[in-house]
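My plan was to go from overall figures to single residues.

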Amino acid sequence: MNTNTTMNHRFAAAAEDLDVHESPAPPTTTSTHPFQPQPQRRPRGFAATNSNNNNNNTTTTTTSGGTPTKSRKEREKEKERTKLRERHRRAITSRMLAGLRQYGNFPLPARADMNDVIAALARESGWTVDHDGTTYRHSSPAPMQPPPIAHFNSVQQNNSNVPNVGAHPVLSGDSPLFSGSPKNCSMRSALDCQPSALRLDENLSPASLDSVVADRDGKVDKYSITSAINSSECLDPDQFVHANGISGTSYIPVYVRLATGLINNFCQLMDPDGVKEELQHLKSLRVDGVVVDCWWGIVEAWSPKKYEWAGYRELFNIIREFGMKLQVVMAFHEYGGNDSGGIFISLPQWVLEIGKSNQDIFFTDREGRRNTECLSWGIDKERVLRGRTGVEMYFDFMRSFRTEFDDLFTEGLISGVEIGLGVSGELKYPSFSERMGWKYPGIGEFQCYDKYLLQNLEKAAKLRGNPFWARGPENAGHYNSKPHETGFFCERGDYDSYYGRFFMNWYTQILIDHADNVLSLASLAFEETQILVKIPSVYWWYKTTSHAAELTAGYYNPSNQDGYSRLFEVLKKHQVTMKFVISGLHAPYQEIDGAFSDPEGLNWQVLNSAWDQGLSVAGQNLQPCYDREGLVRLVETAKPRNHPDSRHFSFFVFQQPSPLIQRTICLSEIDHFIKSMHGEVSS
C-alpha cells in the first residue's frame with residue numbers, strides 16, 4: 001500500500017512538471033510522504049492571489065495582502081520593453097526574408113511567415129513539403145560535410161559540378177550592404193571563400209530548424225563564411241554572367257537617352273553632324289533605340305497653342321536614317337540644376353507671365369515658397385491658363401505632337417511615348433527641391449499649400465465631417481529634417497493618427513487623380529501606342545516605420561501598408577507601362593545605414609507590386625554608371641534570377657554618364673552591358 005502511494009505521488013509530480021500550459025494544481029496538504037515535488041511555475045493573476053491565500057510564506061510575486069509588488073509604472077515599462085523586443089525581432093525577420101529573396105533565390109511571398117521560410121529551406125535541402133505541411137523525403141542521401149581546408153583547390157576546380165546553394169549568399173548583418181564587389185575578393189584565405197550551405201539531416205524535424213540555423217551562425221568564426229566560391233564577390237564579371245545564367249535569357253531592348261541641349265530654345269537642331277556621329281556610335285554597339293525629350297518650354301514657348309516642331313522634325317529624320325527605334329518624352333517640367341551642364345529650359349514664357357499674377361498655379365510649401373519646376377496639380381481642372389485647364393493644356397500639346405508626326409507613328413518609328421506627370425518627368429510632388437535648400441537625406445516637405453489644393457483639402461475635410469482637418473501637418477519638420485526629429489514622422493507619430501491617415505490618403509489621392517486625368521487624355525491622343533509613366537525611387541528612410549521621404553513625395557507607403565498598389569491599379573486601367581527609376585546606389589554602408597536606406601528593398605516592393613497588378617515594367621538608371629560592377633547590378637534588377645513567374649523588364653533606358661559627344665566611359669563596359677541585356681554570351 002505504501003509503495004502504491006509513493007508511485008502515485010511521483011506520477012502526479014511528473015505530470016505537473018510536463019503540463020506547462022495549464023494552471024498549477026493547488027498545493028496538497030494531506031500527503032505526509034517525505035518526497036518533495038519539483039518547484040512549480042510561478043503563478044500569475046488570480047492564481048497568484050489564490051496561491052498567496054493558501055501559503056502566506058510565498059513572497060516572490062505577492063505581498064502578505066495579496067497585492068502585486070510591481071507598481072503600475074514598472075508594469076508599463078515591462079510592456080514597453082516587450083514591444084521593443086518584438087520590433088527588434090520583426091526587423092531581424094524582415095532582413096532575413098529580404099536576404100533569402102535577393103541572395104538565395106527563395107520565392108517567398110510578400111507576407112511570408114516562418115512556415116514559408118521553413119518550407120523553402122526544406123525544399124532547398126531536398127525535402128518535399130505538401131500544402132498541408134506534410135514533409136517527407138523520397139531518398140536519404142548522406143549529408144555533405146564542409147570540405148577540409150586542404151582540399152580547397154580541388155573543390156574550386158570541381159565547383160561547377162557540385163550543387164551549391166551558396167551561389168546566392170545571404171550577407172551577414174556585419175557585412176556592408178554593397179560589399180559584394182568582384183575587385184574586393186582577393187584570396188585573403190581559403191576559408192574566406194568556403195562554400196556556405198545549410199544541410200538538413202533527414203531525421204531532423206522542421207521544428208528543429210531554428211537550432212540548426214543557430215548552430216550554423218555560431219560557427220562563423222570557425223569557417224569565416226563571408227562569400228561563396230561562385231558568388232558575385234569571388235567571380236570575374238565575365239564569369240559572373242555565365243554563372244548566373246544571363247546567357248540565353250530573355251532579350252531586353254536597350255534605349256539610350258540622348259543628351260538634353262540638342263534642341264535650343266528656338267527649337268533648332270544645334271549639331272546635326274555630331275548627332276549622326278553619336279548615332280553611328282550607338283548603332284555599332286547594337287543599341288535598339290534612343291529617347292528624346294520634347295520640351296513644352298521650347299515647343300510652346302511664346303504663345304498658347306503656337307507649337308514649333310522644326311528642330312525635332314530634323315532630329316527625328318536623322319534617327320530614321322539609322323533605322324533606330326524612337327521613344328519620346330512629353331516633358332511638361334523645367335530642366336536645370338547643378339548637374340545640367342549649364343543648360344536651362346524653363347516652363348513656357350506665357351505660363352510664367354500668368355504665374356506672376358497668380359502664383360498659386362505652382363506648388364507651394366508650408367512657408368509659402370513657390371516651386372516653378374512644374375504646375376500644381378490643383379489646377380488640373382481650373383481654367384486659369386488663358387481659358388484652359390491644366391489637363392486641357394497637356395492634351396493640346398500631345399495632340400499637336402501626334403498630328404505633326406503622324407507619318408512616324410504610321411511607319412512604327414515611334415515605339416513609345418512617355419508622359420511627364422511631375423517634376424523631373426516623374427510622378428511625384430517636388431518635395432526634394434535643391435533650390436529650396438534640400439540635401440540628401442532630408443525628408444522633404446509637403447507641397448500642398450497653394451490655394452487650389454487647400455480648397456480641395458477643405459472640401460475633403462468637410463465631407464469627412466472634420467472641417468478642422470483642412471490644414472497641413474504642423475509638426476512635419478523642414479526639408480532637411482530627419483524622421484525622429486519631427487512629431488509627424490517619428491515612431492508612433494501623427495502620420496498614423498486619425499488626422500494623419502486622413503491627410504495622407506488625401507495627399508496621395510491627389511497624385512493618383514492627376515495621373516488618372518492626364519492618362520485618360522493621353523490614351524485618346526496616342527491610340528495604339530505604348531504609353532509610359534516614370535515612377536521615382538525614394539529609397540532613403542525606407543527602413544523606418546513612417547517612410548517619411550516617400551510620404552512627402554506622395555506615396556503613402558509606411559511599413560504597415562502598400563503605397564503603390566492603388567496607383568498601379570490606375571496604370572493598369574490605362575494599359576500603360578511603368579518605368580521605374582533604378583537607383584543603382586553603391587555607397588558606403590555607413591552612409592546608407594545613416595539614412596536607413598534600402599534601395600534594393602524598395603526595388604523589390606515596387607517591381608513585384610507592379611507585376612502582381614499585371615503591369616508591363618521597364619527600367620531606367622538614376623545615376624550614370626561608370627563601371628562594370630554597377631552595370632551588372634542593373635542587369636540583375638532587369639532580369640531577376642529564378643523569379644517564379646520569369647518576370648523581366650520589357651525594355652531598359654540607359655542614361656549616359658557623359659554629354660552627347662564626350663565618351664568618357666569605356667566602350668567595352670557598354671558593350672558588355674548591352675550583350676547581357678540581350679541575353680548574349682559576353683566575350
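The entries below follow the order in which I looked things up.

**Entry 1: confidence**

I started with the source of the coordinates. This is a predicted model. The mean pLDDT of the protein chain is 76. I noted that 68% of the residues reach 70 or more. Residues 55-65 have a pLDDT below 50, and beyond near neighbours in sequence this stretch makes 14 contacts in the model. Residues 659-664 are also below 50, with 12 contacts beyond near neighbours. Where pLDDT is low, the predicted coordinates should not be read in detail. I left the contacts of both stretches alone.

**Entry 2: the chain as a whole**

I counted secondary structure next. The protein chain has 22 helices and 12 strands. It runs to 683 residues, and 47% of them count as buried. The accessible surface is about 34300 Å². Carbon and sulfur atoms own 50% of that area.

**Entry 3: the barrel**

In what order do the eight strands close into a barrel? I read it as 3-4-5-8-9-10-11-12, with parallel pairing. From one strand to the next the twist averages 30 degrees.

I checked several of the joins. Strand 3 (residues 254-257) and strand 4 (residues 289-295) run parallel and share three bridges. Here R257 stands opposite V291 of strand 4. Helix 11 (residues 310-321) packs on the sheet and touches strand 4 and strand 5 (325-331). Its direction makes about 175 degrees with that of strand 4.

Strand 3 is also joined to strand 12 (residues 652-655), by four bridges in parallel. V254 faces F652 of strand 12 across this pairing. Strand 11 (residues 616-621) runs parallel to strand 12, with two bridges between them. Q620 has V653 in strand 12 as its bridge partner.

I found 48 aromatic pairs in the structure. I picked two that share Y429.

The pair of F363 and Y429 is edge-to-face, at 5.7 Å centre to centre and 70 degrees between the planes. F363 sits in strand 6 (residues 362-364), while Y429 lies in the loop between strand 8 (414-419) and helix 15 (451-464). The two are 66 residues apart, so I logged a link between distant parts of the chain. Both F363 and Y429 are buried.

Why is the pair of W377 and Y429 called tilted? The ring centres are 4.6 Å apart and the planes stand at 55 degrees. W377 lies in the loop between strand 7 (370-375) and helix 13 (390-404), 52 residues from Y429.

I compared burial against the cut-off of under 20% relative accessible area. W377 has 6%, so W377 counts as buried. Y429 has 1%, so Y429 counts as buried too.

**Entry 4: L511**

Is L511 buried or exposed? Its relative accessible area is 1%, so L511 is buried. L511 belongs to helix 16 (residues 498-525).

Which residues does L511 touch, leaving out those up to four places away in sequence? I listed W377, L427, K428, Y429, A553, G554, Y555 and L567. The C-alpha atoms of L511 and G554 are 6.5 Å apart, across 43 residues of chain.

Notes
Residues are numbered from 1 along each chain as its sequence is written. This is a predicted model: local features need pLDDT of at least 70, side-chain atom pairs count only at pLDDT 80 or more; totals for chains, interfaces and linings use all residues. Side-chain values use heavy atoms; hydrogens and water are left out. Buried means under 20% relative accessible area, exposed over 50%, partly exposed in between (1.4 Å probe, protein chains only). Accessible areas come from the Shrake-Rupley method with a 1.4 Å probe; for residues, only the protein chains shown count as cover. Contact means heavy atoms within 4.5 Å. Two strands pair if DSSP finds at least two bridges between them. Axes are lines fitted to C-alpha atoms, for helices over the stretch in contact, and angles run from 0 to 180 degrees between N-to-C directions. pLDDT is the predictor's confidence in each residue, from 0 to 100. Rings of Phe, Tyr and Trp (its six-membered ring) pair if their centres lie within 6.5 Å; planes under 30 degrees apart count as stacked, over 60 as edge-to-face and the rest as tilted.
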